[in-house]
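This briefing is for a reader new to the structure. Begin with the display below, then read the notes by topic.

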Amino acid sequence: MLPRTHEEAAMNLQVNQHIMPTLNRRAFVIGAATAGAGLALGLDLPFGGPSVVRAADGAPEVNAWVVIRPDDTVVIRIARSEMGQGTLTGLAQLVAEELECDWSKVTTEYPTPGQSVARKRAWGDFSTGGSRGIRTSQDYVRKGGATARMMLIQAAANEWKVPATECKVSNGVITHTSSGKTTTYGKVAEAAARLEPPVDVKLKDPKDWTIAGKGLKRLDTVDKTTGKMTYGIDVKLPGMLNAAIKDCPVFGGKVKSFDEAKISGMKGVKKVVPVGDSAVAVVADTWWHAKSALDKLPIVWDEGDNAKVSSETIAKWLAEGLDNAQPAYVGNQNGDAKAAIASAAKKVEAVYSYPYQNHATMEPMNATVLYTPDKCEVWCGTQNGEAAFAAALEASGLPAEKVDVHKLMLGGGFGRRGMTDYVRQAVAIAKQMPGTPIKLLWSREEDMQHGKYHPVTQCKLTGAFDADNNLVALHYRLSGQSILFSVRPEALQNGMDPAAFQGVAQSGEAAIGYAVPNLLVEHAMRNPHVPPGFWRGVNVNHNAIYMECFMDELAQAAGQDPLEFRRKLMGKHPKHLAVLNAVAEKIGWGTPAPQGVYRGIAQVMGYGSYVAGAAEISVTDGSKIKVHRIVASTDPGYVVNPAQVERQIAGSFVYGLSALFYGGCTVKDGRIEQTNFDTYNSMRINEMPKVEAVMVPSGGFWGGVGEPTIGVAAPAVLNAYFAATGKRIRTFPLRNQNISFA
Amino acid sequence: MANLKINGKTINVDVEDDTPLLWAIRENVGLTGTKYGCGIAQCGACTVHVDGVAMRSCGVTVSEVAGKDITTIEGLAAGGVMHKVQLAWIASDVPQCGYCQSGMIMAVAALLKENPKPTDDDINDAITNICRCGTFQQVREAIHAAANA
């Protein structure tokens, strides 16, 4: 039997309580009437009010962020998505800190984007990318916790007929100081939910934190060790069928025809459907049947002109962009770099390039959709619930109040699941089978060949010295693909992609850490047909490799130590310098390394955080690299959970070094050549170095954590490789240079 | 049609003989803790035990394992008591996204059965699962902790 309502559908899922929404949709009917404009609504963050909104189990919302059950359980609402980075736990810590509740009684749940839209975006932005999960919502979620705390205390004070100022709270127990009377949050939540929220809400000084700032255990671990955690791929709905899909292998190509008759008799096959104009899906009882039939389905493609494109043609086109005569956008400049270089005593030039990379999340893309003419519901892992919601709105053609998205745990995100292509496809398939829930799952091969790839770039760097070996000019000329051009063209500034300069920008959250008298940073934008996307670290990845490896080349040309050379250029950038100094000290820079071990160092700023890394490696036969030890430092302003920050740092090195050694997606005949982990490999435990994290939060700003340190992973190792061998590697991945892990 | 002995129960599943064990477990038996990652026995997300040995269930067919003892992540805890590897995983807070961890835990449980006190080199040789989040540092710590539990 099909679920008749959202609540039934949700209950039919065997899911973990941490991540499944349990809100009662009926509570929001009034709000929904005003939500006709969909996502084009202002942000109206509610912090409580006289009419009580209830969760599905009847427990009162003190405000949008906090529900308290009579048994004192605190349910903290999380709008951002958990994909392993620890945001779920970190945000809960921030709310709980201000709420002063008992951490052992905290559980979390995801509100749905539909509920949020119906309540004028009560939970704000759902987007979980750009290392923003905590840093851009910490203020209002903390305010949510603090507001709830004040209302709960006020409710107790009202009951006791005493001033709230005479009451205090600890671990969810409210005490009237002079009389010694106590009550708990669970007992006063109902009354608190009826109070007007206070206007003047003061947040704690982070130095007084007792829950936030601590390396508390994650809230979602147990179910991830028993197989109980429900990812998108695990969704089961009554009567559900499974779909496998094949999109035209050449990006931009179309389906010309397919011969359904050849597979229609195969076991389990229910339907073969076109998906848009570029893909075909087979719907069957099981996914294995769907996939097996799809493999045998004859499809004729119209591959179009893109079929002529290869990595070689792309590289040639990008190389032309390195020519100063070609137009380029200027992202950062001071002085006159070209003139200074022309008249310099000595100049150094190098050309680097960085390839496409696939996110290769462990869980391939998938989404489950139940479509009827009255309702379109989506179950999926997504980094951006609202974007998935908007995609479902558009693909279903239904109004906002008839659409919703239920977020599940993500089997990896890394930026890939901020895109909504797989949601659109699943809706398009389900729409052709109204009333039947359809789970669309991509094969690994589909996932590898239809990614949103880390963009391809080349960079020509020219440095110039005066007669005393002082760096007087630096020209950083980037040529290649813009992500925003493809993904968010509205964010371009007169055609320029400001994000292209991440890590080498003049100011802002990804500012360059060096002061050079004459500097020119520019981007010749060239956009091949391969779709780009935000890939953990995004443009910081290649920019940090280019800049930090070239800094080492400049130091070498100047006959100076790489650390000392950098320090001289960093006087005006004390926060950049502080993290660099922190790793230098911890790795023992300037002291002898163990026999046969060589060191490299790098620094960059990204996502509002200052990071640096140092590597210790040894090299056998000039080509077998053993990475022994990594020291990585970050100043993200504040550290909400040091245990999770440590894990993000270590993980970012695995992701960054996997790409450096094994990655690289190549294009042939317009399509991506790599199809699975046999041709797009990833680091294993035997290749894992010891990673030591040094956290130096200096306060006063909020930087991200998930991404920034990936920027220093590759250049630290590459600079150590030069120290060991005297060889500079300027094109990647290393496997193409016959360099591998030892 | 195949008789599969999974987590101590014999289950008759209506699948073709060449169906990969992974898909029979996930779709026909309905145990979804075993994950699909690559389908070519590379990543290890689908690791289960067959007669006590860690195997990548995407790379073996149901007919090859009929009648054999198959254990999935759901069957690792015996009599409601978590396996020491699971307990070590929780103590070390190992998982990030967690998707690869069922397979990782199954691979480690099989390793410890064969080699109760593995060295770092033993671990390097035996554990070849991919984790894109990069939990290896905690995985190693938890393996040693479980070995010493």
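Where pLDDT is low, the predicted coordinates should not be read in detail.

This is a predicted model, in which local features need pLDDT of at least 70, side-chain atom pairs count only at pLDDT 80 or more, and totals for chains, interfaces and linings use all residues. Residues are numbered from 1 along each chain as its sequence is written, while chains are lettered from A and ligands numbered from 1 in the order in which they are written.

**Chain A**
- The mean pLDDT of chain A is 93, and 93% of its residues reach 70 or more.
- H406(A) sits in strand β17, residues 403–407; strands (E, at least two residues) and helices (H or I, at least four) are DSSP runs, numbered from the N terminus.
- H406(A) is buried because 26 other C-beta atoms lie within 10 Å; the cut-off for buried is 20 or more, with C-beta atoms placed from the backbone, while 12 or fewer is exposed and in between is partly exposed.
- G381(A) is 25 residues from H406(A) along the chain, and their C-alpha atoms are separated by 8.4 Å.

**Chain B**
- Chain B has six helices and five strands, in the order β-β-α-β-β-α-β-α-α-α-α along the sequence.
- Of its 149 residues, 61% count as buried.
- Residues 24 or more positions apart account for 62% of the contacts in chain B with a separation of 6 or more.
- The C-alpha atoms of chain B fill a box of roughly 40 × 30 × 25 Å along the principal axes.

Note on methods:
pLDDT is the predictor's confidence in each residue, from 0 to 100. Two residues are in contact if their C-beta atoms, placed from the backbone, lie within 7 Å.
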